[in-house]
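Subject: The structure I promised you

Hi,

Here is the structure I said I'd send over. Have it open while you read, and I'll walk you through what turned up.

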Amino acid sequence: MSIGPDGVKRCDWAHSAPEYIDYHDNEWGREVRGDDAVFERMVLEAFQSGLSWITILRKRENFRTAFAGFSIDKVAAFDSRDVERLLADPGIV
């Protein structure tokens with residue numbers, strides 16, 4: 001733990017990027033509630049495999065757009081055209 005330039009005590013990893021500060025202060029270690037919110041975390045974690053978490057955080061809005069706001073019902077209705085769209089989307093990994 002260390003004190004950041006803003007005077008807030010955070011885990012050492014959280015000081016390296018603004019996205020990490022926001023994630024640390026508002027999400028990390030907090031309960032995720034709601035099916036779509038849990039689905040969002042699962043999708044992001046799956047895409048993170050082998051990459052740094054900051055890469056995923058920086059592309060999070062692109063993922064939200066690509067995956068219909070992480071609506072489980074909407075994603076469940078995706079078809080082969082959506083799969084092709086996702087595979088070709090440079091905004092996600």
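Let's start with Glu-40. Setting aside its neighbours within four places in sequence, Glu-40 is in contact with Arg-60, Arg-64 and Phe-70. Before we go on, bear in mind that this is a predicted model.

Where does Glu-40 sit? Its place is in helix 2. Is Glu-40 buried or exposed? Its relative accessibility is 11%, and because buried means under 20%, Glu-40 counts as buried.

Now for its charged partner. Glu-40 makes a salt bridge with Arg-60, with the closest N and O atoms 3.0 Å apart. Glu-40 belongs to helix 2 and Arg-60 to helix 4, so this pair ties together parts that are 20 residues apart in sequence. Arg-60 is buried as well. Salt bridges with shared partners also join Glu-27, Glu-40, Arg-41, Arg-60, Glu-61 and Arg-64 into one network.

Another link in that area is the salt bridge between the side chains of Glu-27 and Arg-60, at 2.6 Å from N to O. Glu-27 lies in the loop between helix 1 and helix 2, while Arg-60 is in helix 4, so the pair ties together parts 33 residues apart in sequence. Both Glu-27 and Arg-60 are buried.

How many salt bridges are there by this rule? The count comes to 11. One of them is Asp-25 with Arg-10, at 2.7 Å from N to O. That pair links distant parts of the chain, with Asp-25 in helix 1 and Arg-10 in strand 2 (residues 9-10), 15 residues apart. Asp-25 counts as partly exposed because its relative accessibility is 25%, whereas Arg-10, at 2%, counts as buried.

Back to helix 2 as a whole. It runs over residues 35-48, which makes 14 residues, and reaches 20 Å from its first C-alpha to its last, close to the 20 Å expected at 1.5 Å a residue. Its buried residues are Phe-39, Glu-40, Arg-41, Val-43 and Leu-44, and they pack against helix 1 (18-26), helix 3 (53-58), helix 4 (60-66) and helix 5 (72-76). Just after helix 2, look for Gly-50, which takes a positive phi of about 85 degrees.

Next, the greasy part. The largest nonpolar core has 17 residues, and those with the most contacts inside it are Tyr-20, Leu-44, Trp-53, Phe-63, Phe-67, Phe-70 and Ile-92. Helix 1, helix 2, helix 3 and helix 4 each supply at least two residues of this core, and its largest share, four residues, comes from helix 3. Click on Phe-63: leaving aside neighbours within four places in sequence, Phe-63 is in contact with Leu-44, Phe-47, Ile-56, Phe-70, Ile-92 and Val-93.

Finally, the rings. A search of the whole structure finds nine aromatic pairs. Among them, Trp-13 and Tyr-23 form a tilted pair, 6.5 Å centre to centre with 55 degrees between the planes. Trp-13 lies in the loop between strand 2 and helix 1 and Tyr-23 in helix 1, so the pair ties together parts 10 residues apart in sequence. The rings of Phe-63 and Phe-67 have their centres 6.4 Å apart and their planes at 20 degrees, so that pair is stacked. Ring pairs also link Trp-13, Tyr-20, Tyr-23, Trp-28 and Trp-53 into a cluster.

Cheers

Definitions and conventions
Residues numbered from 1 in each chain as written. Predicted model: local features only at pLDDT ≥ 70, side-chain atom pairs only at ≥ 80, totals over all residues. Heavy atoms only, no water. Expected span 1.5 Å × (residues − 1). Buried < 20%, exposed > 50% of the residue type's maximum accessible area, 1.4 Å probe, protein only. Contact = heavy atoms within 4.5 Å. Core = buried A, V, L, I, M, F, W, Y, C linked by side-chain atoms within 4.5 Å. Salt bridge = Lys/Arg side-chain N within 4 Å of Asp/Glu carboxyl O. Phe/Tyr/Trp six-rings, centres within 6.5 Å; stacked < 30°, edge-to-face > 60°.
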